[in-house]
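Me: I am new to this structure and would like to go through it by question and answer. Please show it first.

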Amino acid sequence: MAKSNSLVIVAIFTILLVKVIGRMPIDSRWHDAHATFYGDINGGETMQGACGYGNLFEQGYGLETTALSTSLFNEGYTCGACFEIKCVNDPQWCKKDVNSIIVTATNFCPPNYSKPDGNWCNPPQKHFDLSMKMFTTIAIYEAGIVPVQYRRVPCVKNGGVRFELRGNPYFLMVLVHNVGNAGDVVRVAIKGSNSDWVQMTHNWGQVWHTGLNLVGQDLTFWVTTSDKKALQFVSLVPSNWQFGQTYEGSINF
């Protein structure tokens, strides 16, 4: 009986430990930046962003999103990464009853070189252009812009990694999304059931492409995230796949 109880305690401790580790920040250091917002309270103008996710509600990102300045966006490779952000050093505008928010990078805040100042998204500045809902969670609406601190944190996602197939037989594009943990994908390889492994080319955001005609073949993916973790999704896509369809793996990072 005592041994049985000990096993139960160990199992509970293991589950709790896994949950704690899953919430630990990827980067424990806080970095200085600023934040503004765009769109309306319902997410208008935040959809169809530069990461390729399209409808953020359908893809599971909702309103907990942000656009990144040039120095953070990293030519789209940072798309899918998650950030913890808190409003700091501005008691007039920071909300006192909110500690922080967690958002996913889904868009790009482009630089503007047409005026001498006030261009928060110009390099080398670190800037977050939040959805209005997220901005008004940590700051008063009238502030417009506030100083913040941020750090990378693991992305918590439901279900497996998803692959949306786009393009045509001679230019296959794959949107990789709903990626957990690091969230941002840095390498994708693809293999048809009748072909060898092929390294896909980064197209834009988290859209990857190949010119290899893979129509009529089962598709296997090999995905690597920025923390150098890699997963294979073996024969995830059946040979009768169609463009416009999305396939979800049984595993995630």
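Me: Which residue meets Arg 152 in a salt bridge?
Reply: This is a predicted model, in which local features need pLDDT of at least 70, side-chain atom pairs count only at pLDDT 80 or more, and totals for chains, interfaces and linings use all residues. Residues are numbered from 1 along each chain as its sequence is written, and side-chain values use heavy atoms, with hydrogens and water left out. A salt bridge requires a side-chain nitrogen of Lys or Arg within 4 Å of a carboxyl oxygen of Asp or Glu. At 3.2 Å from N to O, the partner of Arg 152 is Asp 184.

Me: Are Glu 84 and Arg 151 buried or exposed?
Reply: These two residues form a salt bridge, with their closest N and O atoms 3.0 Å apart. Glu 84 lies in strand E3 (residues 82–87) and Arg 151 in strand E6 (residues 146–153), 67 residues apart. Buried stands for under 20% relative accessible area, exposed for over 50%, and partly exposed for values in between (1.4 Å probe, protein chains only). Glu 84 and Arg 151 are both buried.

Me: Why does Glu 248 count as partly exposed?
Reply: Glu 248 forms a salt bridge with Arg 162, the closest N and O atoms being 3.4 Å apart. Arg 162 counts as buried because its relative accessibility is 18%. Glu 248 counts as partly exposed because its relative accessibility is 41%.

Me: In what order do the six strands of the closed barrel run?
Reply: Two strands pair if DSSP finds at least two bridges between them. Strand E2 (residues 65–68) and strand E4 (residues 101–108) run parallel and are joined by four bridges. The barrel has mixed pairing, and its order is E1-E5-E2-E4-E3-E6.

Me: What percentage of residues 170–249 is strand?
Reply: An unreviewed UniProt entry places the feature "domain: Expansin-like CBD" at these residues; such positions follow the numbering used here, feature names are shortened, and annotations may be inferred rather than shown by experiment. The end C-alpha atoms of this stretch are 24 Å apart.

How values were computed:
Helix = DSSP H or I, 4+ residues; strand = E, 2+ residues; numbered from the N terminus.
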